[in-house]
Amino acid sequence: MTKKTIGIVGLGLIGASIGLDLCKKGYPVLGVSRNPQTCAQAIIKGVCQQASTEVVLLQEAEVIFLCTPIATIVPSLESLLPWLSTQTIVTDVGSVKTTIVEKCSALWTNFVGGHPMAGTANHGIDAAQENLFQAAPYVLTPLASTPCWAVECLKQIINEELESKVYLTTPETHDQAVAWISHLPVIVSAGLLSAVLTKAEPNILVLAKQLASSGFRDTSRVGGGNPELGVMMASYNRSALLSSLVNYRQVLDKIIDLIEAEDWQTLQDILTLTQQTRPEFLLNLTR
Ligand code: NAP
């Protein structure tokens with residue numbers, strides 16, 4: 001089977017990592033970056049065989065990955081529209097799906113929303129890695145109107161070439177699930193840091209900083225990350241995040257009530273359940 005020509009817009013961590021894997025597997029890959037230096041670097045690193053700052057380069061591409069920040073995915077597709085042939089498949093890698101899929105599917109019939117559940121804390125082309133997606137989940141969120149052949153083509157590339165595990169679901173279900181396991185933890189972790197910083201007595205805060213160890217490092221890690229990303233998650237996945245936050249507040253209130261009532265048995269039951277079920281959330285964790 002001839003390999004499809006791949007287009008990638010945005011040669012950062014995710015876009016360049018996709019390029020590295022597909023180039024290595026013998027796909028013709030065309031890359032678009034806003035920066036001529038990134039274009040030159042991409043060719044040297046083996047991210048793509050040709051690169052340009054102009055989207056017209058992608059007129060030959062058969063499958064295009066939009067790998068720009070969430071806010072620029074729809075405008076990226078708009079700029080590509082004059083250059084697409086009727087059979088071109090377009091997908092994105094944005095971490096939030098409902099609004100992107102709604103807008104992109106209205107612009108392009110062969111659009112399939114996607115979200116690779118892999119990454120690192122670094123960004124830009126220098127952060128790109130081979131095999132970043134290997135064994136990681138990769139969610140596709142087709143609509144009822146999305147052509148099956150487009151979904152099948154992407155599934156094949158993602159399964160066999162990126163070696164990810166494909167999960168198919170609706171954009172809304174995806175957004176609710178990532179709100180629980182990704183966006184809520186960021187806000188909870190940031191809330192923890194913020195509470196310690198603003199509510200602890202100054203002398204206690206000094207000592208707390210000196211005593212903090214691995215437990216605090218683990219629970220504060222995602223709350224101590226990039227603020228722009230946190231705000232983007234909250235604004236683009238607002239309703240799913242709010243719903244999970246309200247539920248989280250209810251659970252927290254219940255735990256406060258139990259401690260006030262010295263109901264240690266019920267607290268023990270909750271902590272036993274969380275201890276037993278935590279491993280179920282970590283089954284896909286390979287690194
Ligand atoms: P990144 O390393 O910063 O790469 C994004 C790239 O997009 C930049 O390198 C830049 O490439 C281009 N870009 C930046 N601003 C732009 C703009 N205003 N207009 C057009 N292009 C722009 O970020 P990333 O981590 O790869 O994230 C890219 C996408 O992947 C996001 O939508 C994110 O939600 C999604 N995602 C990220 C992760 C993760 O862990 N990081 C995981 C899954 C999904 P050029 O300089 O080459 O133009």
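Of the 287 residues in the chain, 39% are buried, in what is a predicted model. The secondary structure comes to 11 helices and 8 strands, and the C-alpha atoms fill a box of roughly 65 × 40 × 30 Å when the box is taken along the principal axes. Among the contacts in the chain with a separation of 6 or more, 67% are accounted for by residues 24 or more positions apart.

**Nonpolar cores**

- In soluble globular proteins, nonpolar side chains tend to be buried together.
- The largest nonpolar core in this chain has 37 residues, and those with the most contacts inside it are Ile6, Ile18, Leu22 and Phe65.
- At least two residues of this core are supplied by each of strand S1 (6–9), helix H1 (13–24), strand S4 (63–66), strand S7 (137–141) and helix H5 (148–161), and the largest share, 7 residues, comes from H1.
- Another core, of 22 residues, lies apart from the largest one, and among its residues are Ile64, Leu66, Leu84 and Phe111.

**A pair of packed helices**

- Two packed helices are described by the angle between their axes and the distance between the axes.
- Helix H3 (residues 73–80) packs with helix H4 (residues 98–107) at an angle of about 10 degrees, and their axes are 10 Å apart.
- Because angles under 35 degrees count as roughly parallel, H3 and H4 are roughly parallel to each other.
- On the H3 side the contact is made by Ile73, Val74, Leu77 and Glu78, while on the H4 side it is made by Ile100, Lys103, Cys104 and Leu107.
- Sorted by kind, the residues of this contact between H3 and H4 comprise 6 nonpolar, no polar and 2 charged.

**Cysteines**

- How many disulfides does a search of the whole structure find? The search finds 0 disulfides.
- Cysteine 23 is in no disulfide, and the nearest cysteine sulfur, which belongs to cysteine 48, is 6.3 Å away; with a relative accessibility of 16%, cysteine 23 counts as buried.
- Cysteine 39 is likewise in no disulfide, its nearest cysteine sulfur being that of cysteine 48, at 7.4 Å; with a relative accessibility of 7%, cysteine 39 counts as buried.

**Residues with a positive phi**

- Asparagine 131, a residue other than glycine, has a positive phi near 60 degrees, and its place is in the loop between strand S6 (111–116) and S7.
- Is asparagine 131 buried or partly exposed? Asparagine 131 has a relative accessible area of 28% and is therefore partly exposed.
- Glutamate 163, also a residue other than glycine, has a positive phi near 60 degrees and is found in the loop between H5 and strand S8 (165–168).
- The relative accessibility of glutamate 163 is 33%, so glutamate 163 counts as partly exposed.

**Threonine 277**

- Threonine 277 has its place in helix H11 (residues 264–277), and at 23% relative accessibility threonine 277 counts as partly exposed.
- Threonine 277 and threonine 53 are 224 residues apart along the chain, and their C-alpha atoms are separated by 48 Å.

Conventions
Residues numbered from 1 in each chain as written. Predicted model: local features only at pLDDT ≥ 70, side-chain atom pairs only at ≥ 80, totals over all residues. Heavy atoms only, no water. Axes fitted to C-alpha atoms, helices over the stretch in contact; angles between N-to-C directions. Helix = DSSP H or I, 4+ residues; strand = E, 2+ residues; numbered from the N terminus. Parallel < 35°, antiparallel > 145°, perpendicular 65-115°, else oblique. Contact = heavy atoms within 4.5 Å. Nonpolar A, V, L, I, M, F, W, Y, C, P; charged D, E, K, R; others polar. Disulfide = S-S within 2.5 Å. Buried < 20%, exposed > 50% of the residue type's maximum accessible area, 1.4 Å probe, protein only. Core = buried A, V, L, I, M, F, W, Y, C linked by side-chain atoms within 4.5 Å.
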